[in-house]
Amino acid sequence: MSGYKPSGIFVIVSIMVVCCLHFAVMAEAGNGNWPFEITVTHRPGTYWWCPGNAWDAESIDWNLENLKAGGIGTAHIVPIYGAKGYEDRYIKYLSEEWIDSLQYILQKADTLGMKIDMTTGTGWCFGGPDLAQDHQDTRASLDKATGKLSFSTRRMVKRAAPGGEGHMLNPFSQGAIAAYVSRFDKALKGLKLLPRAQYHDSFEYQANWCAEMPGEFAKRRGYDLNDHIRTLFGEDEDKDRASRVKYDYRLTAAEMHREFIETWAGWAKSRGMMTRNQAHGSPANLLDVYAAVDIPETEMFGSPEFPIPGFRHDDRFTREGDSDPRICRIASSAAHVAHKPGSQLVSSESCTWMREHWHGTLGQIKLEMDLFFLAGINHVY
């Protein structure tokens, strides 16, 4: 990055804008060929990375105006770490200055007929500073000598922005998510406009425990998990008993994570915002967790590999299973089964790591977008 001088505070992923230009062309040509009016939700969205939260009015205007001209309908704010050498421009996440800038973005987008989504946090996953220890992403392990559990909370927010650094949140704890969203209530309460939707990224927590686990297990399963800790952690020769205890534990964890997402979605809805969630990776019934929000969101790694004449293949960057469309169909299935009135949107984090950086092509993007549409995705990012 030697010599790099950012002209604006956000990074627009140019290849995605170019990819989506045909949406703008269709709109410019009029609606004669369409049986419906093209709206903001028909247009693609983009992840709008915010290095260092170092935004200003000039760069906000430049970015949003160019995104609109490129056919983008929704910009999704994701604050991340900043560019070295520009530390004096960083803005602390959720500070008064940050909120003022967010309000400016929302007002500017509104004048352009665009929508703004935001991650409920910085980088990914949920988390940040000053979390109570019981609210941190917690992993339990068995001390074989004593038969007791020990706990670690090492997982930190990835790519955190200034003011957002800290431990990841515990994804099974109702106390954790309730305390977490209260911070956003305080920060967002003075806004005249709000984001269209809040967002939760894929399950990349490492937690397998929370302070509420023993009590919730007893309430839901009818017996004390503490009496079966050695069995749970594989220190029991009775395979049948071990299977039953593990099943009950996994079912309890699945229910608690679904309720974690439901609490977050309920909070957003009560404030007039929708939610987008990537359920994949979570130790739960994926259909239930996708269906808990307004807009289920999938993603795809790697470029689809089909025997198309003239399509460029490169074995160096091909991994089997990366472009399996079945994970996409789980998200779209959840939207169909849940019958979300007035929504029926299914979104995608698109074209992630198609190849090594700088090796992706527009042809690969086109093929991946086609595969998304065939899998029932209608709201691509």
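A: Begin with a pair of helices. M213, E216, F217, R220 and R221 in α6 meet D248, Y249, L251, T252, A253, E255, M256 and E259 in α8. Keep in mind that this is a predicted model.

Q: Which classes of residue make up the contact of α6 with α8?
A: Six residues are nonpolar, one is polar and six are charged.

Q: How is the geometry of two packed helices described?
A: Two values do it: the angle between the axes and the distance between them. Here, the axes of α6 (residues 213-221) and α8 (residues 239-270) come within 10 Å. They cross at roughly 110°. Angles of 65 to 115 degrees count as roughly perpendicular, so α6 and α8 are roughly perpendicular to each other.

Q: Now the whole chain. How many helices and strands does the protein chain have?
A: Eleven helices and twelve strands.

Q: What share of the residues is buried?
A: Of the 381 residues in the protein chain, 51% are buried. The accessible surface comes to about 18,500 Å². Carbon and sulfur atoms account for 53% of that surface.

Q: Which residues of α3 are buried?
A: S59, I60, D61, N63, L64 and L67.

Q: What follows α3?
A: G71 does, with a positive phi near 100°.

Q: How should I read backbone angles in general?
A: Most residues other than glycine have a negative phi, and most peptide bonds are trans. Look for the exceptions. N53 is not a glycine, yet its phi is positive, about 55°. D130 is another non-glycine with a positive phi, about 65°.

Q: Where are N53 and D130 found?
A: N53 is in the loop between β1 (45-51) and α3. D130 lies in the loop between β4 and β5.

Q: Are N53 and D130 buried or exposed?
A: The cut-offs are under 20% relative accessible area for buried and over 50% for exposed. N53 has 1%, so N53 is buried. D130 has 77%, so D130 counts as exposed.

Q: And the peptide bonds: which residues does a cis bond join?
A: W124 and C125, with omega at about -5°. C125 lies in the loop between β3 (115-119) and β4 (127-128).

Q: How do I read a loop residue through its contacts?
A: Check its cover, then its partners. H135 is in the loop between β4 and β5. Its relative accessible area is 19%, and H135 is buried. Leaving aside neighbours within four places in sequence, H135 is in contact with M168, L169, N170, S173, G175, A176 and A179.

Q: What does K144 show?
A: K144 is also a loop residue, placed between β5 (139-143) and β6 (148-152). With a relative accessible area of 56%, K144 is exposed. Leaving aside neighbours within four places in sequence, K144 is in contact with R230 and E235. The C-alpha atoms of K144 and F233 are separated by 9.5 Å, and these residues are 89 apart along the chain.

Q: How far apart are the C-alpha atoms of E96 and A187?
A: They are separated by 7.8 Å, while the two residues are 91 apart along the chain. E96 lies in helix α4 (residues 96-112). At 66% relative accessibility, E96 counts as exposed.

Q: Which residues are in contact with S348, leaving aside neighbours within four places in sequence?
A: E297, T298, F372, I377, H379, V380 and Y381. Take Y381. S348 and Y381 are 33 residues apart in sequence, but 5.7 Å apart in space, C-alpha to C-alpha.

Key: Residues are numbered from 1 along each chain as its sequence is written. This is a predicted model: local features need pLDDT of at least 70, side-chain atom pairs count only at pLDDT 80 or more; totals for chains, interfaces and linings use all residues. Side-chain values use heavy atoms; hydrogens and water are left out. Buried means under 20% relative accessible area, exposed over 50%, partly exposed in between (1.4 Å probe, protein chains only). Helices (H or I, at least four residues) and strands (E, at least two) are DSSP runs, numbered from the N terminus. Axes are lines fitted to C-alpha atoms, for helices over the stretch in contact, and angles run from 0 to 180 degrees between N-to-C directions. Angles under 35 degrees count as roughly parallel, over 145 as roughly antiparallel, 65 to 115 as roughly perpendicular and the rest as oblique. Contact means heavy atoms within 4.5 Å. Ala, Val, Leu, Ile, Met, Phe, Trp, Tyr, Cys and Pro count as nonpolar, Asp, Glu, Lys and Arg as charged, and the others, Gly among them, as polar. Accessible areas come from the Shrake-Rupley method with a 1.4 Å probe; for residues, only the protein chains shown count as cover.
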